[in-house]
Amino acid sequence: MSYNQVGATPALKSGTIPGLIKTTVEFGIFTGVAYFTEQGELSRFPAKDYKMLCLALVAFFFVAYWLVMRQGTTKAALNPPDVINSQEKSIVDALRNIDRSVGNMLEQMPCFLLVTLPYGMFVNPILAGYLVFAYVFLLILYPALYDMGAPLLFISTFPRYFILYYMAGAVMLAALRT
């Protein structure tokens, strides 16, 4: 029975098992890619090898703050409460875009940091820099693609997940090789 039918009660379906399957498959695929593209153990690198990573992390910081400031200035500085609390569809949609852009960035940030830092510090700092710049570019696309919905929004999200799976797999493999 569809919950759209009169008198029907909506039923929540859990994404626990599908999420576990998706994570396992994607982590497996990108760990496989890392197995063939990354070599060696956990290592230390010369300081100059961290240049691209440092610049890319600053770019991530800048974009993250831009998204947060976009939200804050829209809601607290530029618009009165009657606009922010409006039920006008265009305003509700714009605020949802702003909130989801920040939300998506913040939801992904722990995983981003958990794999980017060890990958960049101990596995491949130069490639880490390029991957973080790609991640930042894809993050910038999120607000522009959000209103278009799936599947176009996946242009921003899925490649970012894949970048993180790759780095996580490479960290795991390097640790196992050490």
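Predicted model: local features only at pLDDT ≥ 70, side-chain atom pairs only at ≥ 80, totals over all residues.
Biologist: How many disulfides do you get?

Modeller: Zero, by the rule used here: two cysteine sulfur atoms have to be within 2.5 Å.

Biologist: On to the rings. How many aromatic pairs does the structure hold?

Modeller: Twelve. Take F112 and Y135: their ring centres are 4.7 Å apart with the planes at 35 degrees, so the pair is tilted. The rule is that rings of Phe, Tyr and Trp (its six-membered ring) pair if their centres lie within 6.5 Å, with planes under 30 degrees apart counted as stacked, over 60 as edge-to-face and the rest as tilted.

Biologist: Which parts does the pair of F112 and Y135 tie together?

Modeller: F112 lies in helix 4 (residues 89-123) and Y135 in helix 5 (residues 125-146), so the pair joins parts 23 residues apart in sequence. Helices here are DSSP runs (H or I, at least four residues; strands are E, at least two), numbered from the N terminus.

Biologist: Are F112 and Y135 buried or exposed?

Modeller: F112 is buried, at 0% relative accessible area, and Y135 at 2% counts as buried too.

Biologist: What makes the pair of Y119 and Y166 edge-to-face?

Modeller: The plane angle does: it is 70 degrees, with the centres 6.2 Å apart, so the pair is edge-to-face. Y119 is in helix 4 and Y166 in helix 6 (residues 154-177), so this pair ties together parts 47 residues apart in sequence. Y119 is buried at 0%, and Y166 is buried at 11%.

Biologist: Which rings are linked into a cluster?

Modeller: F30, F154, F158, Y161 and F162, through ring pairs.

Biologist: What sits over the ring of F158?

Modeller: The charged end of K22, 4.7 Å from the ring centre. To qualify, NZ of Lys or CZ of Arg must be within 6 Å of the ring centre and within 35 degrees of the ring normal. R160 likewise lies over the face of Y135, at 5.5 Å from the ring centre.

Biologist: Why are helix 1 and helix 6 called oblique?

Modeller: Helix 1 (residues 16-37) and helix 6 pack at about 60 degrees, with axes 7 Å apart. Under 35 degrees is roughly parallel, over 145 roughly antiparallel, 65 to 115 roughly perpendicular and the rest oblique, so the two helices are oblique to each other. Angles run from 0 to 180 degrees between N-to-C directions, and axes are lines fitted to C-alpha atoms, for helices over the stretch in contact.

Biologist: And how is helix 2 oriented to helix 4?

Modeller: Helix 2 (residues 51-78) and helix 4 pack at about 160 degrees, their axes 10 Å apart. That makes helix 2 roughly antiparallel to helix 4.

Definitions and conventions: Residues numbered from 1 in each chain as written. Heavy atoms only, no water. Buried < 20%, exposed > 50% of the residue type's maximum accessible area, 1.4 Å probe, protein only.
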